[in-house]
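Here is a short report on one protein chain. Please keep the sequence and the 3D view open while reading.

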Amino acid sequence: MAEAQLLLGKEVASEIRQKLKEDVDAIRAENEGFKPGLAIVQIGDRSDSTVYIKSKVKAAEEIGMFARHVKLTNTSTQADVLKAVDELNKDPLIHGIIVQLPPDSSEPIDPGICTNAVAPEKDVDGLHDVNAGKLSRGELNDCIVPCTPRGCLELIKKSGTEIVGKEAVVLGRSKIVGSPMADLLKWHHATVTTCHSKTKNLPDVVRRGDIVVVGVGRADFVKGDWIKEGAVVVDCGINVIPDETKKSGRRLVGDVHFKEAKQRASWITPVPGGVGPMTVAMLMMNTVDSAKRSLHMQKGGPWDIRYLPLDLKRPVPSDIDISKHQMPKKISTVAKEATILDHEIELYGNKKAKVSLNVLERLKDQCNGKYVVIAGMTPTPFGEGKSTTTIGVAQAMSAHLHRNCFACIRQPSQGPTFGIKGGAAGGGYSQVIPMEEFNLHLTGDIHAITAANNLLAAAIDTRMFHESTQSDQALYDRLVPEKKGKREFSNIMLTRLQKLGIDKTDPSELTDEEKGKFARLDIDPDTITFQRVIDTNDRYLRKITIGQSPTEKSLTRQTQFDITVASEIMAILALTTDLKDMRKRLGNIVVASSKTGEPITADDMGVGGALAVLMKETIKPNLMQTLEGSPVFVHAGPFANIAHGNSSILADRIALKLVGPNGFVFFENLLASFANVILFGCKGLQCKEGVYICKQPNLPISKKLMYELLSYGQNRCVVVPGTLLICLILAQNLDLIRSGIVNLAKQIENARFFGVHAVVAVNRFPTDTDAEIALVIELAKEAGAYDAVECTHWADGGKGAVRLADAVLRAVEEPVEFKFLYDLKLPIEDKMRIIAQKIYGADDIELEPEAQRKIERYKKQGFNDLPICMAKTHLSLSHNPELKGCPKGFVLPIRDVRASVGAGFLYPLVGTMSTMPGLPTRPCFYDIDLDPVTEDVLGLF
């Protein structure tokens, strides 16, 4: 038999590297920022490792990759290594990470722990347990194959040998070569035998192999007569043996006796020049593949997502029964399906997680998806519809039309959950699950807001107390205490000094006058607008007296509690864009004015930094899922009556990046009409620094309930919480619908004011008739809706909103000429007048004396250019909740104007507006209980 042909890995590797260079150049031509990044972590100073790393870096640079050599000292601990790897995991510029083995440190380091610290998607060595497990199961398209086995496979293919059905023998079972090589050959349909030191009759076993791969680390171990004639032999060994004929006195040999084996084999790899160059080439290929996957994620390609089937029941069970019947996916799975990386989520159990803002940096070059606002016509007191429609159409777009899709909704307050409205997870077969976790605590954001808010409220009264009982010098000495013979200003104090125009940093240099200006805020108690909060409906906290203990020295004042979601800090959370921005907004909260009319902020109080610390974790959006397994962000929930009432800008921004340019984000607007959210530039708020727009809306969806239309028909029907719907509403009444349609028509008109199209979702209830549905669709289109669609998502889940999703797909292709309602530079009263006349249909506004005084104060304090958020009843377009439909000929009374300077808006109070709801005669809590055996929550809805 002729001698074996040589499988020259150096040549094959050169071809692969050239092809990789061409691929990288081609991708970069279409994606300018594309550059695969490889990081190599070296522990210690082993010379052979350094040489090997230099060859990898050189190969990477020749291909057009970026290579980073992270060198740790030989005294590094395992913790040092894990820290370095963790930083690389989080770096969006790095697509592949390897930990060079063996580690060279005086400290004990476990190589397995280090390699498993690498994020599986960046594990270009293929050594992570996740990748090894997937390879073992044959999931070749969802794992990274170790470099040496992958290179061996390429060489076998290069020989032209058909692998399918062949006998393959692998000598060695190491995690790096032997075991993965056996798995790789097995899933390429070879019949594989793995040999090791305990294998009996080893030569006879090896002789069966049509393909023989050896990696045992023993020089010339496999003899020529072990090899079957015509076999393909791949030698992964590299050993140093003495050789006096060489200048160095040694030479490299493999694990196979080359001279003997090449007399029997058909193909054989030499050592050196065989497998070695292929290992480096495969490392480059794995890194480029990882970078391609990252680019695919950044481009918003179709998600690989498993949707959850619904088991529809009739009659439709209670919301909590439906929720408990569905088995959610692990939230880590939901995150992965939505292309959120492992290090970008923080798990709160198995069903909810927080998502890092680092996603925005990673996807900064990604095009946004389509942004769809779900709004309602003026609601009844029950408030059903918006959340259900948001989730229903999101389930339709994702699970049924297979588009990348996120729903973004706000976190509900505990107040209505235990009051009368119930939870806010949606309803029927269009819900966020688990609904009890959604409605109760979630990840604790509202509790953190309560803590931060009340810290600031406590600081206000405490400061007034101390100022009333101490001289300027005594205040100054306590605010800037002497420590070890020296006084120092804290950073927040330096900020206050700058605001006061005092250009000094040494506390000892201030004059007595400057000390007084610095130490004494001189708060006017009558101007305090910042209240304590609690997340419970409690009418007896609407007006209270504080300071009645003898220790407060008769310094009492009347104040009140608000519900937590009414806190300005909640509004800040919803409007902030990053941690720096949140810190600034928290510090800018104006809590009162001084007796000379100067605004006093949280930073003046010295508490802005502490508020940021309490709010640090809340800034991360909460990830959950729908009944059908599509992702949902639940984040923030400002009180809709006095703030913008929507989930966070950050949740929207992250979702828009994750879904990609062909995906959709459905955002629930808690206010009565789409128009109110547009007043804020889609929650970005028009602001003094310019206009920040989270994403201009592609269109709004206005949902309606039949009994809403009926209740607005000539003001003839009154819907009262806690009572049965009257027969006039439950019976078919087409004339009443015709008269009630004016409210829906006004909402459609309001949407058109902003240059966007409106799609009307006609939510079908069991008592609705075909004639009623048809009439509403007809009248909605006549009123200017782009389309109006019957929806049954409450009863049918996403399937019941497919036609609505189809209408959305058509509507977003239409041009949008988005515009704002008013110029921010206009006087405050003019901006309010524009809103009242255009959006509500009022003839004019009427400013009561208190409102006029506040407007003048805010203008003097420099707040004129803030946008306006009208605080009014949600039960009517007017100030009077009894005026249904589309009232005309009324004047909108403005009784007061308040400033949320940190959040960045003014909110006029229209009519009577409570910020602390009360409990009804029969609250929801009567039905809520806990099963002590199963720990199931009962009675939530």
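L734 is partly exposed, with a relative accessible area of 25%. Partly exposed here means between two limits: buried is under 20% relative accessible area and exposed is over 50%, with a 1.4 Å probe and protein chains only. L734 belongs to helix α29 (residues 734–753). Helices (H or I, at least four residues) and strands (E, at least two) are DSSP runs, numbered from the N terminus. Leaving aside residues up to four places away in sequence, L734 touches A771, E772 and L775. Contact means heavy atoms within 4.5 Å. L734 and K58 are 676 residues apart in sequence, and their C-alpha atoms are 78 Å apart in space.

This is a predicted model, in which local features need pLDDT of at least 70, side-chain atom pairs count only at pLDDT 80 or more, and totals for chains, interfaces and linings use all residues. Residues are numbered from 1 along each chain as its sequence is written, and side-chain values use heavy atoms, with hydrogens and water left out.

**The chain as a whole**

The protein chain has 34 helices and 38 strands. Its C-alpha trace spans about 105 × 85 × 60 Å along the principal axes. Of the 941 residues in the protein chain, 57% are buried. Among contacts between residues at least 6 apart in sequence, 74% join residues at least 24 apart.

**Helix α1**

Helix α1 covers residues 9–30, 22 residues in total. From its first C-alpha to its last, α1 reaches 32 Å, close to the 32 Å expected at 1.5 Å a residue. The expected span is 1.5 Å times one less than the number of residues. Which residues of α1 are buried? They are G9, V12, A13, I16, L20, D23, V24 and I27. These residues cover an arc of only 110° around the axis, so they sit on the same side of α1. The arc is that of the directions from the helix axis to the C-beta atoms. The face turned away from the buried side carries the exposed residues K10 and A29. The buried residues of α1 pack against α2 (47–63), α6 (147–158) and α10 (275–298).

**Pocket and cavities**

Rolling a probe the size of a water molecule over the atoms shows where empty space is left. On a 1 Å grid over the protein atoms alone, a cavity is a set of points where a 1.4 Å probe fits but cannot get out. A pocket is an open set with protein on both sides within 12 Å along at least five of seven lines, and lining residues have an atom within 4 Å of a point. Grid points are joined across faces, edges and corners, and a volume is the space filled by probe spheres set on the points.

The second largest pocket has a volume of about 1,600 Å³. It is lined by 50 residues, with Y52, T148, I238, G276 and T279 nearest its centre. The elements that give two or more residues to this lining are α1, α2, β4, α6, β9 (239–242) and α10. α2 gives the most, with nine residues. The lining divides into 26 nonpolar, 14 polar and ten charged residues. Ala, Val, Leu, Ile, Met, Phe, Trp, Tyr, Cys and Pro count as nonpolar, Asp, Glu, Lys and Arg as charged, and the others, Gly among them, as polar.

There are six cavities of 30 Å³ or more. Of the 19 residues that line the largest cavity, T529, A566, S567, E568 and Y907 are the closest to its centre. α21 (568–575), β35 (891–900) and β36 (905–910) each give two or more residues to that lining. β35 gives the most, with three residues. The lining of the largest cavity divides into ten nonpolar, six polar and three charged residues.

**Backbone features in loops**

| Feature | Value | Loop |
|---|---|---|
| L101 to P102, cis | omega near 0° | P102: between β4 (96–99) and α4 (111–117) |
| V271 to P272, cis | omega near 0° | P272: between β11 (267–268) and α10 |
| D522, positive phi | phi about 60° | between α20 (512–519) and β20 (532–534) |

D522 is partly exposed, with a relative accessible area of 30%.
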